[in-house]
Amino acid sequence: MRNPFLIGERIYLRPLEEEDLDRCMRWINNPEITATLGRRLPMSRTLEQEWLTGQYRSEKGFSLAIVLKNGDHHIGNCGLHEIDYQNRNAEFGILIGEKEHWGHGYAPEAAKLILRYGFDELNLHRIALEVYSHNQRAQRAYEKAGFTHEGAKRESYFRGGRYHDTLIMGILISEWRAQ
Ligand SMILES: CC(C)(COP(=O)(O)OP(=O)(O)OC[C@H]1O[C@@H](n2cnc3c(N)ncnc32)[C@H](O)[C@@H]1OP(=O)(O)O)[C@@H](O)C(=O)NCCC(=O)NCCS
């Protein structure tokens with residue numbers, strides 16, 4: 001393991017480095033990977049570099065690389081954003097960029113590491129996320145990590161020629177402690 005920050009059973013999370021940028025660019029410009037994300041504009045190398053620099057300068061959020069312990073293979077990124085230290089809220093985000101690694105339960109494992117860090121180290125009260133209604137894979141992954149459905153912003157997301165609902169999912173510290 002290289003520079004691990006949070007360590008799980010099959011994966012570990014580490015800070016992103018300059019050398020990861022080309023891989024991240026490939027993921028974020030691949031329509032197959034981004035079809036369920038809010039971002040749909042092309043990402044340039046310059047913008048990606050600025051994004052990485054901004055990640056670790058601000059206390060409002062961070063992204064970490066998701067790395068398979070077996071083979072030290074970087075397969076995606078996840079993190080907390082919009083951290084609000086007054087209300088003790090934050091938003092979770094994740095992307096597994098290597099499609100052959102979908103369906104192995106890596107997203108729930110990464111989410112649980114971030115949830116533990118958010119609740120036990122950052123003293124958060126609620127961690128939430130937004131997911132589009134057609135992204136059932138993500139909803140299932142989030143349910144497995146302990147998130148529950150809180151509500152929907154109806155027909156708020158346009159993709160593939162039609163509108164989808166934006167679903168809100170969240171987990172409170174009491175629910176995290178109980179599971
Ligand atoms: C969404 C994502 C993070 C899920 O990661 P993952 O590691 O593949 O998640 P899991 O391995 O837990 O698999 C997802 C679950 O959804 C299920 N699933 C897959 N397709 C499904 C569908 N169409 N309907 C319902 N469930 C589905 C799988 O069977 C699995 O559940 P199971 O373990 O009970 O069988 C990953 O696919 C990804 O990064 N996608 C692109 C970016 C993205 O959408 N990010 C999330 C934005 S909110």
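Mentor: Contact means heavy atoms within 4.5 Å. This is a predicted model, in which local features need pLDDT of at least 70 and side-chain atom pairs count only at pLDDT 80 or more, while totals for chains, interfaces and linings use all residues. Residues are numbered from 1 along each chain as its sequence is written, and side-chain values use heavy atoms, with hydrogens and water left out.

Trainee: How do you know that strands β6 and β8 pair?

Mentor: Two strands pair if DSSP finds at least two bridges between them. Seven bridges join β6 (residues 126-132) to β8 (residues 162-172), so these antiparallel strands pair. Val-131, for instance, has Leu-167 in β8 as its bridge partner.

Trainee: Why are β1 and β7 called edge strands?

Mentor: The open sheet has eight strands in the order β1-β2-β3-β4-β5-β6-β8-β7, with mixed pairing. β1 (6-7) and β7 (148-159) each pair on one side only.

Trainee: What does helix α1 lie across?

Mentor: Helices (H or I, at least four residues) and strands (E, at least two) are DSSP runs, numbered from the N terminus. Helix α1 (residues 21-28) lies across β2 (11-15), β4 (73-84) and β5 (89-96). Its angle to β4 is about 80 degrees, on a scale from 0 to 180 degrees between N-to-C directions of axes fitted to C-alpha atoms, for helices over the stretch in contact.

Trainee: What makes a set of residues a nonpolar core?

Mentor: Its members are buried (under 20% relative accessible area, 1.4 Å probe, protein chains only) and are Ala, Val, Leu, Ile, Met, Phe, Trp, Tyr or Cys residues joined through side-chain atoms within 4.5 Å. The largest such core has 39 residues, with Leu-13, Leu-80, Phe-92 and Phe-147 touching the most other members. Helix α4 supplies its largest share, nine residues.

Definitions and conventions: Buried < 20%, exposed > 50% of the residue type's maximum accessible area, 1.4 Å probe, protein only.
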